[in-house]
Amino acid sequence: MRDPSVGIIFEKAKAENRNFLFEHEAKTLCGIYGMPITKIEVAKTEDDAVAAAKRIGYPIVLKIVSPQVLHKSDAGGVVVGVNDEKGVREGYNKILANIKKNVPTADIEGILVQEMAPKGTEIIIGSTNDPTFGPTIMFGLGGIFVEILKDVSFRLAPLTKDDAMEMIDEIKAKKILEGARGMPKADKETIINTLLSTSKMLDECPEIKELDMNPIIVYEKGARVVDARVIL
Ligand code: ADP
Ligand code: MG
């Protein structure tokens, strides 16, 4: 039986006629399934954003929340590495100005304030939903590995622990996760658990047509889901 807070997230999107979840909603969902998400707060005003940043703790990242802007950085809707109140105020206004210029028709719901995750190894976990076979889960390393080299692995959900281990083992660049060429080692146990949580979430949430957690930053211990997109 799924947690009642899961249905509330989908119902809100439906009531607002949205076929997607905002990043903060998608992350909240991932968090319910035990995935390690960044701290998040939606701010409606500049002063709200300053207060949220103080609660979360610097450094922080600011992002646009708008139903018309799903690819946020393309529209100038992401400011990373904000270290103080002045930076929050500047970043807040910079995002609003960029969106006004790049997507003039955008409705602005607010600005998402979130914890800035330290650097680490970027991975991607995603899914598509095949009408016959159901959800397929994708795994790959972030950046050029997925976008240019298409170095990814796939499995139909639900995943067993062995499936999750094989998915990690199948990508060509897997040595990067093991600390090749002076790269930090990535916590495989956390990647396996995140794949298994993704599988459980997809199993319990037939509402999800597509999922894209891009990137998830993985450390020697633990990880952070830094961006999540869900299409309903
Ligand atoms: P987009 O909608 O453009 O995919 P993202 O939320 O993925 O927007 O942000 C763009 C990039 O900014 C990410 O790929 C990542 O490199 C960086 N980033 C975003 N959020 C964070 C965060 N909380 N901590 C660290 N880096 C972040
Ligand atoms: Mg992204």
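The lining of the largest pocket divides by class into nine nonpolar, six polar and nine charged residues; here Ala, Val, Leu, Ile, Met, Phe, Trp, Tyr, Cys and Pro count as nonpolar, Asp, Glu, Lys and Arg as charged, and the others, Gly among them, as polar. The structure is a predicted model, in which local features need pLDDT of at least 70 and side-chain atom pairs count only at pLDDT 80 or more, while totals for chains, interfaces and linings use all residues. Residues are numbered from 1 along each chain as its sequence is written, chains are lettered from A and ligands numbered from 1 in the order in which they are written, and side-chain values use heavy atoms, with hydrogens and water left out.

The space in this largest pocket comes to about 580 Å³. A pocket is an open set of points on a 1 Å grid over the protein atoms alone, where a 1.4 Å probe fits, with protein on both sides within 12 Å along at least five of seven lines; its lining residues have an atom within 4 Å of a point. Grid points are joined across faces, edges and corners, and the volume is the space filled by probe spheres set on them. Of the 24 lining residues, Val78, Val80, Glu122, Pro215 and Val226 lie nearest the centre. At least two lining residues come from each of β3 (60–65), β4 (78–82), β5 (110–115) and β9 (210–218), and β9 gives the largest share, with three residues. Helices (H or I, at least four residues) and strands (E, at least two) are DSSP runs, numbered from the N terminus.

The second largest pocket has a volume of about 180 Å³. Its lining has 13 residues, with Gly126, Ser127, Thr128, Leu211 and Asp212 closest to the centre. Two or more lining residues are given by each of β6 (121–130), β7 (134–141), β9 and β11 (228–231); the largest share, four residues, belongs to β6. By class, this second lining holds six nonpolar, four polar and three charged residues.

Turning to charged pairs, the structure holds 21 salt bridges, each a side-chain nitrogen of Lys or Arg within 4 Å of a carboxyl oxygen of Asp or Glu. In one of them, the closest N and O atoms of Arg18 and Glu25 are 2.8 Å apart, and both residues are buried (buried means under 20% relative accessible area, exposed over 50%, partly exposed in between, with a 1.4 Å probe and protein chains only). Lys27 and Glu23 form another salt bridge, at 2.7 Å from N to O. Both lie in helix α2 (residues 23–32), four residues apart, about one turn of the helix. Lys27 counts as buried because its relative accessibility is 0%, and Glu23 counts as buried at 8%.

A salt bridge also joins Glu46 and Arg89, at 3.0 Å from N to O. This pair links distant parts of the chain, with Glu46 in helix α3 (residues 46–56) and Arg89 in helix α4 (residues 85–102), 43 residues apart. Glu46 is partly exposed, with a relative accessible area of 24%, and Arg89 is partly exposed at 25% relative accessibility. Elsewhere, salt bridges that share partners join Glu23, Lys27, Lys63, Lys72 and Asp227 into one network.

On the surface, Ile148 lies in the loop between α5 (144–147) and β8 (152–156) and counts as exposed because its relative accessibility is 61%.
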